[in-house]
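Have the sequence and the 3D view handy as you read.

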Amino acid sequence: MLDDVIQELPAELAPGLPRGWERVWWPPLHYALAVLVGGLFVVPLAWMASTSLRPAGIPAAGGFEWLPPVLSLANYPRIFSALPLGRYLGNSILVVAVAVPLTLLTGSLAGFALAQLPARLRNGLVGVSVAALLVPAMALWITRFLVYKAIGILDTPLALIAPAIMGTSPLYVLIFAWAFARVPRDLYEQARLDGAGAWRIWWTIALPLVRPAITAVAILATVAYWSDFISPLLYLNNQAYYTLPVGIQALQQMNRTNWPVLMAGAVVLTAPVLGLFLVAQRFFFRLGR
Amino acid sequence: MRAVGRVSAYQWQLLAMLAPYLLGLLALVGVPALLAAPIAFTRFDALSPPVPVGLDNFAEMLADPQFRSGLGESLLLVAVAVPLRVGGALALALLLQARQRGFTLLRGLAYLPTILPDVAYALVWLYLLNPLYGPLSSLSQIFAGGEHEGTLPGTTPGVWLSNPQAAQVAVMLMLLFTVGEGFVLLLATLQEIPPDLYEAAALDGAAGDQQVRYITIPLLAPSLLLLTLRDTIFSFQASFVAAVIVTRGGPHYATTYLPYWIYQNATEFSRFGYAAAMTWVLYAITAVIIVLLFRLARRWREVQYVG
């Protein structure tokens, strides 16, 4: 009977909603399902954090254990004494500190130029950029190794930073180009009539208007360089230049089964990215309008 | 007025701004991509000059069991993981697109595993799957009621990484949680579907599942296609990190995917010529996938117009 009443309701009251009984059981089920699925994605992270707090020497849990019986932060100093992870951490910070500003510089310059070039040239260059994006990164690993060797930056920190010269990824350049293309053309034209050159227009007029694009590329590039495991793995031999991701991998090779220590390493590696994500998450996950 | 065909000072400045990007693109993408072609016909250890060997590398490839199994495992991984990843991202986007209390947080949570650095993510899985303390090894016991051994054919609890099939499943499982980018892309596309389409369909008596099938999916198709393409390339690469850290290519080469085998040949055996020849195969596969997907897209569009 209830079903009939619901069927009678005009569709305008709830456009897009399922009809009939579905309307009664679906909302709570939807909510429960959403919470369950959202929770599922946190579980690996939660386990990583809780295991990192497990003191050495207490017997293994041997099953599900959300929190160890005793909590301890002792694993964190331990990872820094086992390996020169402090140094690797410094290297990682250095790579990010050089590569990200350089990426913003080269990426925004190229994006600005791309947005203003004559249409034919622009379309050609956008095509080249998209093609470059489609080349699988691992198809370039081996021969990039040879290029780095030829220009003498193999086994130096420059091998980790080199992509910043091209704005790190054609995607970032395209993000900038789209942002600059949305700036009203009159603003550029007016400045040109006032005698400003391209460099001045880029710096004083265009850049301040594309702050969201700068933020987005800065976040993406920071995460990319901070997390980059493959470049140091392929292009570095000298351990003095190791960054944190390869350092954590080395830690794993030394302590194959010391999970609390390894998870502490994983937490240290994850924490800065997680912090950035929490800052940026409002920006990314709130729905528009 | 500027003469046609002449480049103005302003345009020279624009070209100068573009120079680092073009130079980098040439040195880091163009040259490496093209270099694979000549090197594939040589024996090259990166120390002494390359020695031309004709088609030897390709002949060796045909006879190399590791190459054949690596290729097969890579294709299997992509064939299983990519549809699950794209489908999973779509399901997530449909489930979490509601504008209800708490859903902004839930959307953020679904993205979490995607932001983890590769090494941290791989280590977490190594821990989850490890036979002694791994929470997932006990999970397999729970599923089996604690009496029978294993949930997957031919496995016993906690041997995720010592059984070839289980190790392959484990790598696929790893790939299922990092669908955040696709999820956000589909979420954004869903937002762009005009609500009146659904209202009109509801007036015509279309139920929720019919609306998804006849409105949502067709309008999402371009994004789904893009995502499938990107995920195919991504899955190849993600399999490499999983193979290096979690499975070390084993057991019994079961997870020595093609990229890992290429990497081993180049870095461990200094066989750059052979590695370059196998890279050709990688390019060929990528090209075939791109062409197939676009063909599929075109045919699908024709069907749409006819229907």
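## A helix in chain A

Let's start with helix α12 of chain A, whose buried residues are A:Ala213, A:Val217, A:Ala221, A:Val223, A:Tyr225, A:Trp226 and A:Ser227. Keep in mind that what you're looking at is a predicted model.

The helix α12 of chain A runs over residues 211–227, 17 residues in total. From its first C-alpha to its last it reaches 24 Å, close to the 24 Å expected at 1.5 Å a residue.

## Two domains in chain A

Chain A splits into domain 1 (2–74) and domain 2 (77–285). Where they touch, domain 1 of chain A puts in seven residues and domain 2 of chain A eight. On the domain 1 side, that's four nonpolar residues, two polar and one charged.

## Where the chains meet

Now for the contact between chains A and B: 80 residues of chain A take part, along with 77 residues of chain B. On the chain A side, helix α15 (residues 259–285) supplies the largest share, twelve residues. Sorted by type, the chain A side has 59 nonpolar residues, 15 polar and six charged.

## The largest nonpolar core

The largest nonpolar core has 158 residues, and the ones touching the most other members are A:Phe176, A:Ala266, B:Ala122, B:Leu123 and B:Val124. Helix α10 of chain B (residues 208–247) gives the most to this core, 14 residues.

What does B:Val124 contact, leaving aside its neighbours within four places in sequence? The list is A:Pro44, A:Trp47, A:Met48 and A:Ala266.

Conventions
Residues are numbered from 1 along each chain as its sequence is written. Chains are lettered from A and ligands numbered from 1 in the order in which they are written. This is a predicted model: local features need pLDDT of at least 70, side-chain atom pairs count only at pLDDT 80 or more; totals for chains, interfaces and linings use all residues. Helices (H or I, at least four residues) and strands (E, at least two) are DSSP runs, numbered from the N terminus. The expected span of a helix is 1.5 Å times one less than its number of residues. A residue is buried if 20 or more other C-beta atoms lie within 10 Å of its own, exposed if 12 or fewer, and partly exposed in between; C-beta atoms are placed from the backbone. Two residues are in contact if their C-beta atoms, placed from the backbone, lie within 7 Å. Ala, Val, Leu, Ile, Met, Phe, Trp, Tyr, Cys and Pro count as nonpolar, Asp, Glu, Lys and Arg as charged, and the others, Gly among them, as polar. A nonpolar core is a set of buried Ala, Val, Leu, Ile, Met, Phe, Trp, Tyr and Cys residues joined through C-beta atoms within 7 Å. Domain bounds come from an automatic or database domain assignment.
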